[in-house]
Amino acid sequence: MQEKKRLFFGLSAAAAQPELCRWQHALALPGKPVHPDNFHITLRFLGLVDNALLPALCAGAARLRLPAFSLCLDLPGWFARPRVAWLAPSHYPPALLQLAAALNGLADALALPAERRPYHAHVTLYRKLPPRPPPALQVTARPIPLQVSAFSLYESCSSLKGVRYVALASWPLQAPAADAAGTPQAQPH
């Protein structure tokens with residue numbers, strides 16, 4: 001039995017899969033396209049986690065009471081060192097940053113390795129690109145809206161066919177409360 005799993009908290013991008021596939025196809029970059037079933041936004045990478053910590057991770061995630069939100073994927077880019085192309089929101093909703101910070105706090109409380117890089121929400125579209133920035137990324141992306149009503153704990157499963165991201169558990173985010181006029185209001189935290 002495997003004693004550790006490679007885990008991360010993330011947001012599913014399944015609802016935007018057709019639009020992301022169109023964007024990926026239009027780029028036609030000389031790298032390895034990410035399989036559409038693996039489209040997601042990482043909230044907190046956890047690394048190799050002992051199975052004994054899974055109940056505490058899940059219990060901590062279940063205690064979070066944070067608002068649902070929407071974001072718009074409209075900014076193409078790439079990371080030079082891992083050589084990946086991505087699509088990201090040009091504006092981070094405060095609720096996204098709040099959720100990422102809460103999950104970072106949960107990981108810290110469980111003494112998981114600290115994340116040293118600044119948070120950068122994105123959906124990876126291509127891996128294993130050439131070492132220079134692809135010129136195709138210097139175009140304006142057609143905005144892709146994404147409604148976020150839940151977050152998940154994913155396992156990264158490697159096989160001969162490649163990597164697959166499997167949701168082990170998911171938790172809902174809270175819908176904003178509405179005032180008497182039906183206008184959504186921010187939830188107190």
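Buried here means under 20% relative accessible area and exposed means over 50%, with partly exposed covering what falls in between (1.4 Å probe, protein chains only). The model is a predicted one, so local features need pLDDT of at least 70 and side-chain atom pairs count only at pLDDT 80 or more, while totals for chains, interfaces and linings use all residues. Residues are numbered from 1 along each chain as its sequence is written, and side-chain values rest on heavy atoms, with hydrogens and water left out.

On to the charged pairs. The structure holds 2 salt bridges, a salt bridge being a side-chain nitrogen of Lys or Arg within 4 Å of a carboxyl oxygen of Asp or Glu. One of them pairs Arg117 with Glu115, with 2.8 Å between the closest N and O atoms. Arg117 is exposed at 58% relative accessible area, whereas Glu115 comes out as partly exposed at 28%.

Asp108 and Arg44 also form a salt bridge, and here the closest N and O atoms sit 3.7 Å apart. Asp108 belongs to helix H3 (residues 94–109) and Arg44 to strand S3 (residues 40–50), so this pair ties together parts that are 64 residues apart in sequence. Helices (H or I, at least four residues) and strands (E, at least two) are DSSP runs, numbered from the N terminus. The two partners fall into separate accessibility classes: Arg44 is buried, with a relative accessible area of 3%, and Asp108 is partly exposed, at 44%.

Next, the backbone. Ala28 has a phi near 45°, a positive value in a residue other than glycine. This alanine, Ala28, is found in the loop between helix H1 (17–27) and strand S2 (32–33), and Ala28 is exposed, its relative accessible area being 56%. Arg83 is not a glycine either, yet its phi is positive, at about 55°. Arg83 lies in the loop that runs between strand S4 (69–79) and strand S5 (84–89); with a relative accessible area of 34%, Arg83 is partly exposed.

That leaves Val163, a residue of strand S9 (residues 162–172). Val163 counts as partly exposed, at 39% relative accessibility. Leaving aside neighbours within four places in sequence, Val163 is in contact (heavy atoms within 4.5 Å) with Asn38, Ser156, Cys157 and Ser158. Val163 and Val34 are 129 residues apart in sequence, but their C-alpha atoms are 9.5 Å apart in space.
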